[in-house]
Amino acid sequence: MSDQDKAAKRAQWEEINRAKAAAKQKEQDAPENAEPRASATHKQFQTVRGTRDLLPLDTALWNHVEQTAHEVFGTFGFGEIRPPIFEATELFARGVGGDTDIVGKEMYTFVDRLEKLPNPSSLEAYGAFIEQAEELIATEELPATTANRLALDRMKEIWDQGNVFKGQDEAPIEKVDQEVLEELHTIVVLKDSMELGQSISLRPEATASVCRAYIEHNMQQLPQPVKLYYMGPMFRRERPQKGRYRQFYQIGAEILGGPDAPAIDAELIEMLMTFFDKCGLQGTELSINSIGHAADNCRRGYVAKLREELLKVKDKLGTDSQRRIETNPLRVLDSKLEHEQPIIATLPRIADHLCDECKTHYAAVKRDLDLRGVKYHENWRLVRGLDYYMRTTFEITAQGLGSQNAVCGGGRYDGLVELLGGPPTKGIGFAIGEDRLILSLQEGGKAPAEQGPDVFIAWMGQNAYATAIRAAKTLRSAGFRVELPATELKFGKALERASKLGSRFALILGDNEIQSGEWTLKNLANAEQQKLTEQALLEYLQKL
Ligand code: HAM
């Protein structure tokens, strides 16, 4: 395909995408004015708000970015982990923090539940039912909560006493004694009190999942620290806009266990910047900060002081910040409201309130980043929106992203594994917003060359068809991209199709070629043709 054809094809895709996005936006802005879609009987489905399809022109770049992550992270000794896409809601509530926006209002949560447990129809069936409930709890089909266990124990107790049921085991329910009926009623009440399902959430991030996996698989027994990375979709019910989606993708890495040596923080950040560099991301800016640790002589003391100062200026703040004075004063520092900026500039700064150890740790992280040639600037307002952070926090912005310009965020979270029920464990990590990374690369003009087929096989006649199949098999197993048309095309049409697909060569197989055993290979860029045997063709292509 000529550069001109490629540009035309890309423009065509972009036009289609633009039109689709505009129609969707129009509908979201004012549903009553939207163009009528197909009639109700022929409903045309569209992606759900905040989600999107990634089409082949885009996925080439996505694959390239992901491949680069595999390679770069591998060179730093990280192994890939693939946690599930949904987990117990409690994991995120505890891990990410109940007061965060993510847990408070953005998670996709549902109850994964059994249908109602049926009422047993005979006395015997009660026994079977109790056995079944025990089995369901053991296999966690029914949540193994304390309430469910207590209910089960009580049911078993009643059943095992057994005397009241003696001699009536086979009796239909209507025929049993009053005394027995009362006991059965208690069992039914207990049964109906059981929790039938577990609350599940689509993961809004993966750090909590990785910590859960570290604990679940006893990774503290492995040589420490354990270095893991992941990539995949995350889900947050945010207001969609450029660079912000409800299903978005992250590429993240976590280091768990081992010491909290500043070199670990610095090497992780170095890896991140190396990755961005390899991707060709432009205009990156790394901001760092230390938010200390939760102690009175460190962050807790600072937060108290901050709250005190914020209360003095409460009337001048917006409603969100006013609320946060009580719930989480640190988040006021995140505010983007224009009129709050001069006020925030006068607030006390955490760097002046860090304890000696956190101060020393932060200074050492900065020294180590200098040693590695990693450029950064300090941002005392960088507190991050998740509860688990302590000490080092960092964020990277990139060009071309508008207001959603944070392409990566991360930090240290030494208490998280313990909070989730594991042993005391140090931890630090980051997550890159892959959608934003791709957007920034595209805005910077980066798009890997579109890959058309290497060889388009223009076969003519049934004799040639068998040979064409063989040629396709040979070339594909040698790693070439081959297009074998499913139906016979006239010579001119075949060459036109090959050219539209952006194929480098057309392999022409007609009666002459089959008879002579010499195949015609046409270079579509310069129209040169040559005759080659099957073996010579393979050798020729492999040498290119
Ligand atoms: P986060 O700051 O919530 O951190 O998200 C990391 C990155 O994910 C953001 O900088 C942004 O690029 C991207 N992102 C977040 N929400 C969206 C969205 N709705 N649409 C598109 N991109 C989005 C975390 O998730 C932490 N787990 C990072 C971490 C790992 N900290 C330690 N280890």
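Buried residues, meaning those under 20% relative accessible area with a 1.4 Å probe and protein chains only, make up 45% of the 544 residues in the protein chain. The model is predicted, so local features need pLDDT of at least 70 and side-chain atom pairs count only at pLDDT 80 or more, while totals for chains, interfaces and linings use all residues. Residues are numbered from 1 along each chain as its sequence is written, and side-chain values use heavy atoms, with hydrogens and water left out.

## Overall architecture

The protein chain holds 19 helices and 16 strands. These elements are DSSP runs numbered from the N terminus, with helices being H or I of at least four residues and strands being E of at least two. Among the contacts in the protein chain with a separation of 6 or more, 71% are between residues 24 or more positions apart; contact here means heavy atoms within 4.5 Å. The protein chain exposes about 28,600 Å², and carbon and sulfur atoms supply 50% of that area. Accessible areas come from the Shrake-Rupley method with a 1.4 Å probe, and for residues only the protein chains shown count as cover.

## The eight-stranded sheet

Eight strands form an open sheet of mixed pairing, in the order β1-β5-β6-β11-β10-β9-β7-β8. Its edge strands are β1 (79–80) and β8 (377–378), each of which pairs on one side only. Two strands are taken to pair if DSSP finds at least two bridges between them.

Within this sheet, β6 and β11 are antiparallel and share seven bridges; G252 has A431 in β11 as its bridge partner. Strand β9 (residues 390–397) is largely enclosed by the rest of the structure, because six of its eight residues are buried. Six bridges connect β9 to strand β7 (residues 285–290) in the antiparallel sense, and S287 stands opposite E395 in β9. Six bridges also link β9 to β10, again antiparallel, with F394 opposite G410 in β10.

## The ligand site

The shell around the ligand comprises 26 residues, of which E205, E238, E254, Y389 and A406 come nearest; a residue is near a molecule or strand if one of its heavy atoms lies within 4 Å of it. By class, the shell has 11 nonpolar, eight polar and seven charged residues. In this classification Ala, Val, Leu, Ile, Met, Phe, Trp, Tyr, Cys and Pro count as nonpolar, Asp, Glu, Lys and Arg as charged, and the others, Gly among them, as polar.

Strands of the sheet contribute to this shell: β6 (247–256), β10 (406–412) and β11 (427–433) each supply at least two residues. The most comes from β10, with six residues.

Polar contacts are pairs of N or O atoms within 3.5 Å; within protein, one atom must be able to donate a hydrogen and the other to accept it, and residues adjacent in sequence count only if both atoms are side-chain atoms.

| Residue | Ligand atom | Distance |
|---|---|---|
| E238 | nitrogen | 2.6 Å |
| Q250 | oxygen | 3.1 Å |
| Y389 | nitrogen | 2.6 Å |

On its own, the ligand has 660 Å² of accessible area, and the protein covers 95% of it.

## Arginine 331

R331 lies in the loop between α11 (319–327) and α12 (341–345). With 14% relative accessibility, R331 counts as buried. The side chains of R331 and D334 are joined by a polar contact of 2.8 Å. Beyond its neighbours within four places in sequence, R331 is in contact with R324, V383, R384 and G385.

## Backbone features in loops

The loop between α8 (207–216) and β5 (226–235) contains P225, and the peptide bond from Q224 to P225 is cis, with omega near -5°. N218 is found in the loop between α8 and β5 as well. Phi of N218 is near 50°, a positive value in a residue other than glycine. At 41% relative accessibility, N218 counts as partly exposed, a class lying between the buried limit of 20% and the exposed class of over 50%.

A527 is located in the loop between β15 (519–523) and β16 (529–532). This alanine has a positive phi of about 65° although it is not a glycine. Its relative accessibility is 48%, and A527 therefore counts as partly exposed.
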